[in-house]
Number of protein chains: 2
Amino acid sequence: MIKNAFYAQSGGVTAVINASACGVIETARKYPQQIGEMYAGHNGIIGALTEDLIDTSQESDQTIAALRNTPGGAFGSCRYKLKGLTENKAEYEHLIEVFKAHNIGYFFYNGGGDSQDTAYKVSQVGDQLGYPIICIGIPKTIDNDLAVTDNCPGFGSVAKYVALSTQEAALDVASMALTSTKVFILEVMGRHAGWIAAAGGLGKKNPKDSPHIILFPEIPFQPEQFFKKIDDCVKNCGYCMIVASEGVRNDKGEFLSATSKHDSFGHVQLGGLAPVIANMVQEKLGYKYHWAVADYLQRSARHIASQTDVEQAYEVGKAAVEFAIKGENAIMPTIVRTSNNPYRWEIGKTPLKNVANIEKKFPLTFITPDGFGITEKARTYLLPLIYGEDYPPYKDGLPDYAQLKRIFVPKKLNKLFIVSV
Amino acid sequence: MIKNAFYAQSGGVTAVINASACGVIETARKYPQQIGEMYAGHNGIIGALTEDLIDTSQESDQTIAALRNTPGGAFGSCRYKLKGLTENKAEYEHLIEVFKAHNIGYFFYNGGGDSQDTAYKVSQVGDQLGYPIICIGIPKTIDNDLAVTDNCPGFGSVAKYVALSTQEAALDVASMALTSTKVFILEVMGRHAGWIAAAGGLGKKNPKDSPHIILFPEIPFQPEQFFKKIDDCVKNCGYCMIVASEGVRNDKGEFLSATSKHDSFGHVQLGGLAPVIANMVQEKLGYKYHWAVADYLQRSARHIASQTDVEQAYEVGKAAVEFAIKGENAIMPTIVRTSNNPYRWEIGKTPLKNVANIEKKFPLTFITPDGFGITEKARTYLLPLIYGEDYPPYKDGLPDYAQLKRIFVPKKLNKLFIVSV
């Protein structure tokens, strides 16, 4: 009997996670003898638990194709991590019950390290609970911190946005600096790793070019060197452009940013580092400043997505389905770089256990000795990831993003399962 | 004897002010019998006072053409307003001395209301000091607050950026809202008028669409209605998307934002409204929030400039030169809307005295009765201004922006003129 498939988006969404969804659904449609219906979880794994399954077969080929161009998570995503089997067996039993009820034999889970852990657990408990299910993880995270894969879909587009915004804002600041703003701070994402902040340096070709300072989470904040460097830049270049990761910490390991709330995974929720630094600059040096916090704008900026990123996001989705059909299980497609110049890559694979909950660190060899810039090694790695533009179609001046009908599969279980969110 | 020309950029720069520069220079190059050299002031009018003149004839046709695609102010801009003739006669006398020394007979000044006032004053004092000079203002301001002209070059591109960023971030927030951020605040520019904030509403087609709330400087902040509306949105739509102008004030007329520094024109410098509002939301409603402050990113975002805006910016530059050659004086080219649907426009003109220091107000008929949205009238006016995309060329994943040689004209006056900035 042909099995149906379940696909879900997990964790923070990106400009290209829907391109992976597009790759999954378009590919599954090519194999009707192997995969029956493709159901998408509404709000990620929660949709499986609450039996809220979106029937993707109700969406036209045109709409599915348009997913490739659409940011956000078209089926809804969630920050919700399945606990271990011993801690919460009922949750897994219910999940398997839903899969049984809807004849689901494939589980495609599109997310970061936490999500690959979930996919790994599902692959284990399926066997343990007597309902074997093929589990394939699909990599996604702007944080670029998944292990094994050369890079993560979602990162390249944020990198491009940050590199380009830094360059554009610098042209603005440079042209006004004589009588106006002399110090500009762009706060970017990257809670624990400097991948995104590093991308801000890609537009720099000469020592006097912007950005003059990058603040990495990996380098404890050095106030004296920082203020001296700003002052030198203003005196020598007329202005100072700073890209700061939200995750910058002082030498005690405390976040410099003002707020320290927690998200539902217990991670510290950051934001508001730029005004903190701006105030310090004002007090210490007295220079006129401006600051920007890109926040979600950077990870939803599909309008300027990296073509490389879009292609890779699509291909890992496509490969996930192809691997599943070939009988592979408990793996994640990876991106393998085969050449830097010209940049070439291909799809590989790795067991989920190799990526579940493992965080790839930002290499310290990517940071210049003064702690404020990126090395050639970093540039060689990062630059190809922002290659190419992949513009969405426009209508009346705005991107014409996919709009799904979101028709739900009739529920089969007469059961209320409460997920506390 | 053929006279040379002086061109300068003034005030806050935009994504398209260089497109106007391109229009000025390319057009002047077509009339070598009427206009000799085209000199650009380094850092605006200050460059004229300090005799720092960039010789645009040293730049290739290709570089000048690339200005059309380049944000920021390629020759440097300034916030520096000439005082009245009676207050600072020496400054005008010196200006005229520089013009005489370099045989400058045309004065093209590219800026907002303050700059049109400067152009107007120069047109008057030239006569009074016995050195008649043709003065043409070229409109530019993201604030869209110049009188007479239907709209201002620079505004349409910010409007497009804000409309599109609102739409993209909303897709992100909507897909995560169940377990993550429920309230998102995007702070945009617009010190005194709601033009830019209003543009945030252009992606909204249905009542439940984002943005759910726009905060205008024209509407005193109404905390009770605001929090009720947020709560209703979260309950009915799952999330609440807010576009807030930096210029929002309370019912005493005080800015809500944290800082209240002053720029060199004595205007209050804003920034940081979004975190203030986010904190209020957190305290009052307890919803998880995120916020972004676009700041200079919005006005330098040439990568997603409005095609309409780029064309208009170019055409007002071109028209300025054509008017000058025809002997027009003390005028500013304007944009005249001749049809809404299809959108059609043409170039008109108005005496500088009609635009000098006059601020066009944002019409209250553009705001819905509840004070939180835009009307159809607003949409009809705003939408055509974001029509079309005009992508810059890319190289290695980043825009290939113009790089000028900036060769200075040898100084002829043996005089040090100190401009206090």
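Guide: One term to begin with: buried means under 20% relative accessible area, exposed over 50%, and partly exposed in between, with a 1.4 Å probe and protein chains only. This is a predicted model, where local features need pLDDT of at least 70, side-chain atom pairs count only at pLDDT 80 or more, and totals for chains, interfaces and linings use all residues. Residues are numbered from 1 along each chain as its sequence is written, chains are lettered from A and ligands numbered from 1 in the order in which they are written, and side-chain values use heavy atoms, with hydrogens and water left out.

Visitor: Where does A:V24 lie?
Guide: In helix α1 of chain A, residues 17-29. Helices (H or I, at least four residues) and strands (E, at least two) are DSSP runs, numbered from the N terminus.

Visitor: And what does A:V24 touch?
Guide: Leaving aside residues up to four places away in sequence, A:V24 touches A:Y7, A:M38, A:I138, A:G317, A:K318 and A:V321. Contact here means heavy atoms within 4.5 Å.

Visitor: Now the core. Which residues touch the most other members of the largest nonpolar core?
Guide: That core has 94 residues, and the ones touching the most other members are A:Y161, A:F184, A:L202, B:Y161, B:F184 and B:L202. A nonpolar core is a set of buried Ala, Val, Leu, Ile, Met, Phe, Trp, Tyr and Cys residues joined through side-chain atoms within 4.5 Å. Another core, of 50 residues, lies apart from it; A:C240, A:V248, B:A244 and B:V281 are among its members.

Visitor: What does A:Y161 touch?
Guide: Not counting residues up to four places away in sequence, A:Y161 touches A:A294, A:L297, A:Q298, A:A301 and A:I304, along with B:Y161 and B:L297.

Visitor: What area is buried between chain B and chain A?
Guide: About 5,900 Å², with carbon and sulfur atoms giving 61%. Buried area is the accessible area (1.4 Å probe) that two parts lose on being put together, summed over both.

Visitor: How many salt bridges are there between chain B and chain A?
Guide: Two. A salt bridge is a side-chain nitrogen of Lys or Arg within 4 Å of a carboxyl oxygen of Asp or Glu. A:R299 pairs with B:D172 at 2.7 Å, N to O. B:R299 pairs with A:D172, and their closest N and O atoms are also 2.7 Å apart. That pair joins two chains, because B:R299 lies in helix α10 of chain B and A:D172 in helix α6 of chain A.

Visitor: Are B:R299 and A:D172 buried or exposed?
Guide: B:R299 counts as buried at 5% relative accessibility. A:D172 is buried too, at 0%.

Visitor: How many salt bridges are there over all chains?
Guide: 30 in the whole structure. One of them joins A:K229 and A:D370, with the closest N and O atoms 3.7 Å apart. A:K229 lies in helix α8 and A:D370 in the loop between β13 and α12, so the pair ties together parts that are 141 residues apart in sequence. A:K229 is partly exposed at 26% relative accessibility, and A:D370 is partly exposed at 36%.

Visitor: Change of topic: the backbone. Which residues does a cis peptide bond join in chain A?
Guide: A:S210 and A:P211, with omega about -5°. A:P211 is in the loop between α7 and β7 of chain A. In chain B, the bond from B:N341 to B:P342 is cis, with omega near 0°.

Visitor: What is phi of A:N144?
Guide: Near 55°, a positive value in a residue other than glycine. A:N144 lies in the loop between β5 and α6 of chain A, and it is buried, at 0% relative accessible area.
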